[in-house]
Amino acid sequence: MRITQGAFSFLPDLSDAQIASQVQYALRKGWAINIEYTDDPHPRNVYWEMWGMPMFDLDDPKDVVHELNECRKAHGERYIRLSAFDCSHGWESVRLSFIVNRPKTEPGFRLERQEGVGRNQRYATKSYAVDNPEGSRYR
Amino acid sequence: MNDIPKAETVRGKDRYKSGVMEYKKMGYWEPDYQPKDTDIIALFRVTPQTGVDPVEAAAAVAGESSTATWTVVWTDRLTATEKYRGKCYRVDPVPNAPGCYFAYVAYDLDLFEPGSIANISASIIGNVFGFKPLKALRLEDMRLPVAYVKTFQGPATGIVVERERLDKFGRPLLGATVKPKLGLSGRNYGRVVYEALKGGLDFTKDDENINSQPFMHWRERFLYCMEAVNKAQAAAGEIKGSYLNVTAATMEDMYERAEFARELGSIIIMIDLVIGYTAIQSMAKWARRNDMILHLHRAGHSTYTRQKSHGVSFRVIAKWMRLAGVDHIHAGTAIGKLEGDPATVRGYYDICREDFVPRNLEHGLFFDQHWTSLNKLMPVASGGIHVGQMHQLLDMFGDDVVLQFGGGTIGHPAGVAQGATANRVALEALVLARNEGRDILSEGPQILAAAAKHCPPLRQALEVWKDVSFDYASTDAPDFVSTPNVA
């Protein structure tokens, strides 16, 4: 399967040049780029690990791509996403987020059911990958 | 007006002599009045009956929407009557509409109950709309002072928090209304939801008149929809939702349905505008208490918003709904099958999404409006739009909108999931291109064609709907001329 979180998951994987031009767009808007990675891509796993601090003072997309490639070297078997943060009043939140690295195979999720009262079911989405401990999930 | 009629207010004891007196003499026409920052201002389009003086008609509107009745009453003297009178302070002829006048009326804040749409609507669009000396009357716009705005909860969730909960940033959200709107069993209905969400949509939606009918009772729908939502969410690894319509005959029924939706883990519920302002405010408070996104379908609004001469403009309804506290509101597509002049629709979107909306006559906005950090309301574009128009929609509305393709998803020749995929691929390709600095309005068709090369469902969708457009004259475009006369 292919996890479709982020703004561009239905497109072919972005090249570094394409990533750089999205970064350029975000920087023009005054947004700060953040690189995050995880090996638990559960849709409600909000807090991916931060690859350093958000790059508040960075103004060259090439530097972001460089950092991204450093992150890939360390965590190339995990999911990596770029997000762009807007600190302006009324937003103070992420304005763009997209996946820039995926594990070679994505095993996806199992839907667990627990039969409840009436026909009510409790659902749980479980990543197949998280059966292994953190750090050894996508080898 | 070019020659502004002078104030004719009668003062002292003559003002309270029993009998009938013209409204403009009773203190409802005050051309020298300077509205206070805390006043609520209403702009009416007044069409007086033949022979009725426009200023008298406008003064009557001010009177009948505030303190007046048809005759002088001595009991006015028991009150601070001048404060409570609605004051018409300006009357302009409507450009290019002979016999119609824009009347500006200021109301003291004390005339209104804090935090109640029912109260303000009963005043401003109450008896006055049936007043015989007028042929027609329309509430065009309102200026809501900060002091009044701050008495409302505002959108239960708001655009920012909705996006954070959904973990979706940087692109419009995609939805579809399940079709056919009536007749599907719960099990078949859930099939459409599953296919559409799995194919790539973020949301599916009940239609306005899907409640609890013989072919599908509400619990069946909720159970099958949530099965579909959860299956699709696991298949995509991405948050999904389906607007479960909780509209029902009584508040008790609506609460019961909303609570069941919450129990099943739904992130969003839906109501119809026809449930009424008080019920909407109640559901908005419920939604805030229960971390639920609240979608509003504007069912019924066209009965009073569409004709320029009489009724209430949708821009006023949009303002009221942002106060009332819904999170989504259908605000038009401009290019789809339903009424919506593009400039007017842009005005609605600004009302929903901006913190400060400046006066902009071209977009039908007559007043500066401060929202003072009230949550933003997500507009929804729905009704007769398709993937071939995606670049126009993205260009016009930007990222903070839900684009809903009902027929444009479910009617796909290869199936519902393929229809959804076509829409999602088209959207992402255009957002990517726009961010790269390309002019999507002129290059849209090429960008879509290029994306279709790696996406056969998009190719099929573009082919099927390539010639579909809804090109009709709008019945509700702004009337303005950009001269100092009105500007």
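## Chain A at a glance

The model is predicted: local features need pLDDT of at least 70, side-chain atom pairs count only at pLDDT 80 or more, and totals for chains, interfaces and linings use all residues. Residues are numbered from 1 along each chain as its sequence is written, chains are lettered from A and ligands numbered from 1 in the order in which they are written, and side-chain values use heavy atoms, with hydrogens and water left out.

Chain A has two helices and six strands. Helices (H or I, at least four residues) and strands (E, at least two) are DSSP runs, numbered from the N terminus. Their order from the N terminus is α-β-β-α-β-β-β-β. The C-alpha trace of chain A spans about 55 × 40 × 25 Å along its principal axes. Contact means heavy atoms within 4.5 Å. Of the contacts in chain A between residues at least 6 apart in sequence, 54% join residues at least 24 apart.

## Where the chains meet

In the interface, 40 residues of chain A are in contact with 41 residues of chain B. The two chains bury about 3400 Å² between them, and carbon and sulfur atoms give 51% of that. Buried area is the accessible area (1.4 Å probe) that two parts lose on being put together, summed over both. In chain A, the residues that lose the most area to chain B are Phe10(A), Trp91(A) and Arg119(A), together 20% of what that side buries.

The rule finds three salt bridges across the interface of chain A and chain B. A salt bridge is a side-chain nitrogen of Lys or Arg within 4 Å of a carboxyl oxygen of Asp or Glu. Arg81(A) and Asp167(B) meet in a salt bridge through their side chains (4.0 Å, N to O). On the side of chain A that touches chain B, α1 (16–28), β4 (93–101), β5 (109–115) and β6 (121–127) each supply at least two residues.

## An enclosed helix in chain B

Helix α13 (residues 390–397) of chain B is largely enclosed by the rest of the structure, because six of its eight residues are buried. These are Met390(B), His391(B), Leu393(B), Leu394(B), Met396(B) and Phe397(B). Their cover includes elements of chain B, among them α12 (342–353), α15 (416–435) and α16 (440–453). Just after α13(B) comes Gly398(B), with a positive phi of about 70°.

## Backbone points to check

Most residues other than glycine have a negative phi, and most peptide bonds are trans. Glu92(A) has a positive phi, near 45°. Glu92(A) sits in the loop between β3 (79–86) and β4 of chain A. Its relative accessibility is 46%, so Glu92(A) counts as partly exposed.

In chain B, Asp291(B) also has a positive phi, near 55°. Its place is the loop between α9 (277–289) and β9 (293–297). Asp291(B) counts as exposed because its relative accessibility is 54%. The peptide bond from Lys179(B) to Pro180(B) is cis, with omega near -5°. Pro180(B) lies in the loop between β5 and α6 (186–199) of chain B.

Technical notes:
Buried means under 20% relative accessible area, exposed over 50%, partly exposed in between (1.4 Å probe, protein chains only).
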